[in-house]
Amino acid sequence: MTDHSAASPEAHDAHDESAAAAGDQKIQEPRLWQDDGWTARIIKNDDDDGWAVAMIKDGEPEPALIGPWTMGRDKKNPKPLDPSAFITLVKTASEFVRRHEQQLHAMLHKSIVVDHAETTLNITLDIVPDDDFPYALLTARDADGEQLAQVRVAATFKLSQSSASAWAANEFRTPH
């Protein structure tokens with residue numbers, strides 16, 4: 001008697017390939033491409049009669065970048081997406097997101113070095129952008145990185161050489 005319940009190696013390989021392809025979820029349509037964690041969608045430009053491309057990072061509700069898109073030869077419909085255009089769009093959107101994150105980090109995290117009582121202090125201000133009650137943490141560390149003090153201040157606190165020096169001179173009491 002022959003056991004027919006075992007699948008042939010060819011059937012097993014075909015199943016593995018289709019399962020792998022389902023996980024990748026590549027879409028390559030003229031107005032919609034999805035790959036490498038990004039979706040490019042050609043949309044009607046609300047500002048004029050032209051077209052735009054929206055680049056959406058997987059998991060994000062809003063596009064990271066929206067830019068103009070080229071008209072096709074008929075001057076009515078958009079030019080279809082292609083591999084090189086998609087790669088360029090992903091690079092551009094990724095760079096845009098990276099610069100935005102760097103700018104946000106720079107706005108929320110400031111650091112100043114001051115000399116106080118024969119030592120060098122690193123004073124940092126880390127803003128916590130809570131929608132209801134934003135605040136900031138003002139922290140002093142010595143040259144070895146050991147935390148000397150930390151106080152909660154208003155998110156509008158301005159960290160400068162003079163405000164950091166005054167805070168240290170006031171024995172790290174909460175500034176007003």
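Tryptophan 33 counts as buried, at 6% relative accessibility, where buried means under 20% relative accessible area, exposed over 50% and partly exposed in between (1.4 Å probe, protein chains only). This is a predicted model, in which local features need pLDDT of at least 70, side-chain atom pairs count only at pLDDT 80 or more, and totals for chains, interfaces and linings use all residues. Residues are numbered from 1 along each chain as its sequence is written, and side-chain values use heavy atoms, with hydrogens and water left out.

The structure holds two aromatic pairs; rings of Phe, Tyr and Trp (its six-membered ring) pair if their centres lie within 6.5 Å, with planes under 30 degrees apart stacked, over 60 edge-to-face and the rest tilted.

| Pair | Centre to centre | Angle between planes | Type |
|---|---|---|---|
| Tryptophan 33 and phenylalanine 86 | 5.6 Å | 35° | tilted |
| Tryptophan 167 and phenylalanine 172 | 5.0 Å | 80° | edge-to-face |

Phenylalanine 86 is buried too, with a relative accessible area of 3%, and tryptophan 167 counts as buried at 2% relative accessibility.

Next come the cores. Of the 19 residues in the largest nonpolar core, those touching the most other members include Trp167 and Phe172. Such a core is a set of buried Ala, Val, Leu, Ile, Met, Phe, Trp, Tyr and Cys residues joined through side-chain atoms within 4.5 Å. Apart from it lies another core, of 15 residues, among them Trp38, Trp51, Phe86 and Leu89.

Charges meet rings as well: lysine 44 lies over the face of tryptophan 51, at 5.0 Å from the ring centre. For this, NZ of Lys or CZ of Arg must be within 6 Å of the ring centre and within 35 degrees of the ring normal.
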